[in-house]
Each structure stands twice: as C-alpha cells, then as structure tokens.
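Biologist: I would like a close look at the side-chain contacts in this model, with the charged pairs taken before the rest. Please go through them slowly and keep the geometry in view.

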Amino acid sequence: KEDIFHIGINHLQELVKGTISVEDLYQVIAHNKQLFCVYSMKSSPPPVFVGNHPKKLLKKYHGGDIIKGKSGAPGEVIGKAIIIKSLNDAHLLSDSDCDSKILLTSVTDPAWTPLFLLVDGIVVETGGTLSHSAIVAREFGLPCVFDIPGLYSLIEDGSILKVSG
C-alpha cells in the first residue's frame, strides 16, 4: 500500500521499460524500507559539518537553565515538556493531564498541524523562520523557539519549561 513511497521515479520508469522485474523492484522497496527505519531512528544532523563547533547553548540562570534558540513565534508560556519524536507518539499529548503542554520535537511538517491545537508552546530542534513549525505557531498564536541542536539531550520529558518566543 505504501510501497510507492520507497521507490524513485527512475525505478518506475525502469519497470515500464521492462529493464527491472517486479521481483527486483520488491527487493529495492524492502532495502529502502530498511534504510528508512534505520535513518528515522537517528537524531538530526550535526549543525556544523566543517569548521568550528557551535558555542555551548546552555547557561545557568536563577537556579535553572537557559537554552537559547531562535524565535519562531512571539509569546511566553510555562508548561510541561512533552517529547514527540514521531507522529506515532502523538498520543502522548492527549495522555498528559497537565494544564499547559509544550511540544518538543526535532522537526514538523503539515501532518503535525493538528497537534498544534493540543499544545500551548512549541520547541523544535531544527527549522527556520519559514519552517512549518514557525509559520503554524505564528498562525495559531503559540510561542515557538527553534534551532536548538541536541534538544532531546538538553531537556527531559516532563520538565517544566518557560518558552519565550
């Protein structure tokens, strides 16, 4: 059913031309599915591939930690951090009984939009001013901070956060 997402246009063209068999195409699909599983478990790529390492993002402030990112949408909110690494974990938002929820994730796309209705703030590991998370957060009036490499290692699930976009 979803096999089409694991092959490229070149494979379809080869199938039409008869230069690849259906059995070979299924092998390509199986291989690509395996790669997808492996890479979907990886965290985001490092922020610097060549050159100097980025400055440390964490510093102490009034007994707590400040983690600096970039503002995706204005506003401030205090709430409980709920880490959602994939849409398969989306149920964690509705399972939480806290009053104010902060979504923490590595990246979002349009399929994540309904989750924004369940949270009061968003923190995203990657992205930019025109990324999906920043645009939708602005549209929904939710504070949003992005560009925090290593987000999952800096903040634990269930932590109380203040998000200041």
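Biologist: How many salt bridges does the count come to?

Modeller: This is a predicted model, and in it the count comes to 3 salt bridges. In one of them, D3 pairs with K33, and the closest N and O atoms are 2.6 Å apart. Because D3 sits in the segment before α1 (9–17) while K33 belongs to helix α2 (residues 22–40), this pair ties together parts that are 30 residues apart in sequence; K33 itself counts as partly exposed, at 35% relative accessibility.

Another salt bridge joins the side chains of D147 and K70, at 2.5 Å from N to O. D147 is placed in the loop between β7 and α6 (151–154) and K70 in strand β3 (residues 70–73), so parts that are 77 residues apart in sequence are tied together here. D147 counts as partly exposed at 27% relative accessibility, and K70 likewise counts as partly exposed, at 45%.

The salt bridge between K162 and E76 has an N to O distance of 3.5 Å. It runs from strand β8 (residues 160–164), which holds K162, to strand β4 (residues 76–83), which holds E76, and so ties together parts that are 86 residues apart in sequence. Both K162 and E76 are exposed.

A charged side chain also meets a ring: K85 lies over the face of Y152, at 4.9 Å from the ring centre.

Turning to the aromatic side chains, a search of the whole structure finds 1 aromatic pair. F116 and F140 form this pair in an edge-to-face arrangement, with 6.4 Å centre to centre and 85° between the planes. The pair links distant parts of the chain, since F116 is in helix α4 (residues 113–116) and F140 is in helix α5 (residues 132–140), 24 residues apart. F116 is buried, with a relative accessible area of 1%, whereas F140 counts as partly exposed at 35% relative accessibility.

Leaving aside neighbours within four places in sequence, I122 is in contact with residues including L103, F116, A137 and V163.

Lastly, S100, in the loop between α3 (91–95) and β5 (101–105), counts as buried at 16% relative accessibility. The side chain of S100 reaches the backbone oxygen of I78 at 2.9 Å, and also makes a polar contact with the side chain of D120 at 3.4 Å.

Key:
Residues numbered from 1 in each chain as written. Predicted model: local features only at pLDDT ≥ 70, side-chain atom pairs only at ≥ 80, totals over all residues. Heavy atoms only, no water. Phe/Tyr/Trp six-rings, centres within 6.5 Å; stacked < 30°, edge-to-face > 60°. Helix = DSSP H or I, 4+ residues; strand = E, 2+ residues; numbered from the N terminus. Buried < 20%, exposed > 50% of the residue type's maximum accessible area, 1.4 Å probe, protein only. Lys NZ or Arg CZ within 6 Å of the ring centre and 35° of its normal. Polar contact = N/O pair within 3.5 Å; in protein donor to acceptor, adjacent residues only side chain to side chain. Contact = heavy atoms within 4.5 Å. Salt bridge = Lys/Arg side-chain N within 4 Å of Asp/Glu carboxyl O.
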